[in-house]
Amino acid sequence: MTWFHVHLCPAVMSVNTLLRCSTRLQRKQITSFLVQQRALSGAEAVNALRPFYFAVHPDFFGQYPREREVNENSLKRLNGYLENLQKPGSKVVRPVKLTFYVRDTKETAERQAGIFPSGFRSVTFMLQTNDVLSTVTNILTSCSLPVEHMKELKEGFGTPKGLPNAGVPIYRPIKWDKTYYTFTGFRDPEQELQEARQVEPTLHRWLRNSEPEATKKHNASLPRREELNRLKRELCENFHLSDIRWQRSWGVAHKCSQLQSLSRLSHQNPEALTHLQGHTVVFADQSGMNASGDVMLGTMDVHHQWTKFFQQLPSYRRLQQQTDWLKGRISDLLGGSEVIQLEKLGPIQLIAEHYSTLTTFHNSLMSRGLRLHPRSLHGLTVVLENDRSAPSLHEMGHFIIPTSCDPRKLQLFLQRHASEARSRALHRNRLLAEEEAVVTSCLQRLSLRGLSKEPSVSSTQMILCCRRLMEQHSPLMQGLHVCVSHFYSVMQDGDLCVPWNWKS
């Protein structure tokens with residue numbers, strides 16, 4: 001322990017005072033310590049980002065499910081990025097591109113003129129800084145949010161070189177008293193968030209008010225739904241597609257226009273679509289092939305771009321074959337466990353990125369051989385992630401393994417948790433079977449046209465919701481499509497979104 005750690009009291013002494021009263025060796029120790037301590041803590045980062053969280057929190061987007069979903073996905077990726085920056089000894093973090101829908105707050109209204117009529121705007125930015133302070137500043141600036149409160153942070157956490165404002169004591173976050181918002185007129189984020197959650201009505205009251213609107217929209221969408229089913233069936237039959245899906249929860253009219261565009265291309269250039277045979281087509285934000293081998297068609301691309309991409313599919317298939325071979329080799333090295341991709345709320349992983357991840361992990365395993373029995377982990381599943389520092393066991397029984405994990409530590413972790421992983425996997429399988437059964441029963445008893453859930457709703461939540469719906473047995477949902485979510489909403493095609501934990 002150095003003299004500096006024994007005698008320094010940051011709460012009392014300023015940086016200037018310390019540097020003036022120290023010897024050369026002591027000043028060197030102080031400088032080294034300050035450089036190590038210049039990163040913000042997790043609590044300080046959250047406090048600095050309060051205006052941002054207030055502007056993008058998903059609970060304020062209950063009437064806009066697509067924007068809510070985008071913000072939920074981006075917040076999860078942002079939190080992961082910040083966590084990685086704060087880990088001890090963390091290396092350079094992989095750049096992340098994020099998109100948020102930012103609410104019209106008092107501050108943004110004064111700064112921005114191009115806000116949507118709905119009261120929010122879309123913002124996309126890239127995170128590629130390697131310290132929390134710069135990342136927080138980048139986020140606030142990109143969203144045109146106030147950064148005045150960041151000045152003290154920058155002064156308090158700046159490097160010791162020069163130290164023009166070094167007399168400022170080390171920064172400590174301030175939690176504003178409620179009277180601050182009363183006198184200034186600013187909105188209290190915590191209070192508004194609490195109010196947004198408290199105004200949620202009971203299910204019966206909401207259905208009674210929303211059923212007429214939902215029925216009207218549903219009846220109006222029936223011709224489009226029939227057209228959608230016809231186009232999907234014809235394209236799958238004519239070009240031997242495994243399936244056609246969509247990355248986002250677009251409306252029926254939007255989906256129809258995408259299928260009509262693909263159908264027109266099939267009549268203009270039928271040879272181009274022969275490359276799609278055997279694939280699942282996913283309409284997504286960008287064209288390419290995902291880690292599962294599905295063909296993604298960018299909804300903003302034109303026919304020429306689709307045709308050019310179709311011509312490249314043979315090379316994508318070769319990459320997919322190499323990816324499958326790597327998965328098999330990794331499975332052999334990991335005791336027969338299977339490498340899978342979990343359905344995430346974040347962006348789709350492309351096949352090239354997945355191949356790179358597998359290659360890095362495979363090379364790491366080969367450099368220091370594992371001593372696992374060839375069948376010791378058979379039946380278990382493994383998920384590889386680039387942004388983790390330590391292996392973990394998912395609640396559903398999947399091993400979550402960082403690609404840079406030390407093979408020896410990984411072997412110990414897998415052996416110690418194999419039994420628990422099997423137990424959780426059995427529980428997951430029972431949950432999935434129970435969920436499928438209860439969804440079928442709910443469809444029949446309530447005479448629903450369709451019943452689905454958002455990816456963020458767990459099997460346990462879905463089971464509980466369906467059972468309560470059958471107990472209440474409301475006739476107001478009869479003949480409609482119901483989506484179990486986290487909020488109430490009537491979609492543009494008459495689908496009903498109900499929170500899984502609705503109030504009775």
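Q: Before we start, what counts as a helix or a strand here?
A: Helices (H or I, at least four residues) and strands (E, at least two) are DSSP runs, numbered from the N terminus. The model is predicted, and local features need pLDDT of at least 70, side-chain atom pairs count only at pLDDT 80 or more, while totals for chains, interfaces and linings use all residues. Residues are numbered from 1 along each chain as its sequence is written, and side-chain values use heavy atoms, with hydrogens and water left out.

Q: Where is I401, then?
A: I401 sits in strand β10, which covers residues 399-402.

Q: Is I401 buried or exposed?
A: I401 is buried, at 0% relative accessibility. Buried means under 20% relative accessible area, exposed means over 50%, and partly exposed lies in between, with a 1.4 Å probe and protein chains only.

Q: And what is I401 in contact with?
A: Contact means heavy atoms within 4.5 Å. Leaving aside neighbours within four places in sequence, I401 is in contact with F361, V382, V383, L384, E385, L410 and L414. F361 and I401 are 40 residues apart in sequence, and their C-alpha atoms are 9.5 Å apart in space.

Q: What about T357, where is that?
A: T357 belongs to helix α16, residues 351-367. T357 counts as buried, with 4% relative accessibility. Beyond the neighbours within four places in sequence, T357 is in contact with Q349, L384, N386 and T403.

Q: Moving to H218: which helix holds it?
A: H218 lies in α12, which runs over residues 203-239. H218 is buried, its relative accessible area being 3%. Apart from neighbours within four places in sequence, the contacts of H218 are R225, R449, G479, L480, H481, D493 and G494.

Q: How do α12 and α13 pack?
A: Helix α13 comprises residues 252-268, and α12 packs with α13 at an angle of about 35 degrees, the axes being 9 Å apart. Axes are lines fitted to C-alpha atoms, for helices over the stretch in contact, and angles run from 0 to 180 degrees between N-to-C directions.

Q: Which residues meet there?
A: On the α12 side they include R224, R225, L228 and F239, and on the α13 side V252, C256, L259 and S266 are among them. The residues of this contact divide into nine nonpolar, three polar and five charged. Here Ala, Val, Leu, Ile, Met, Phe, Trp, Tyr, Cys and Pro count as nonpolar, Asp, Glu, Lys and Arg as charged, and the others, Gly among them, as polar.

Q: Last one: what is the phi of S447 and of H473?
A: S447 is not a glycine, yet its phi is positive, about 55 degrees. S447 lies in the loop between α17 (407-446) and β11 (450-453), and is partly exposed at 36% relative accessibility. H473, also a residue other than glycine, has a positive phi near 50 degrees. H473 is placed in the loop between α18 (459-472) and β12 (481-485), and is partly exposed, with a relative accessible area of 43%.
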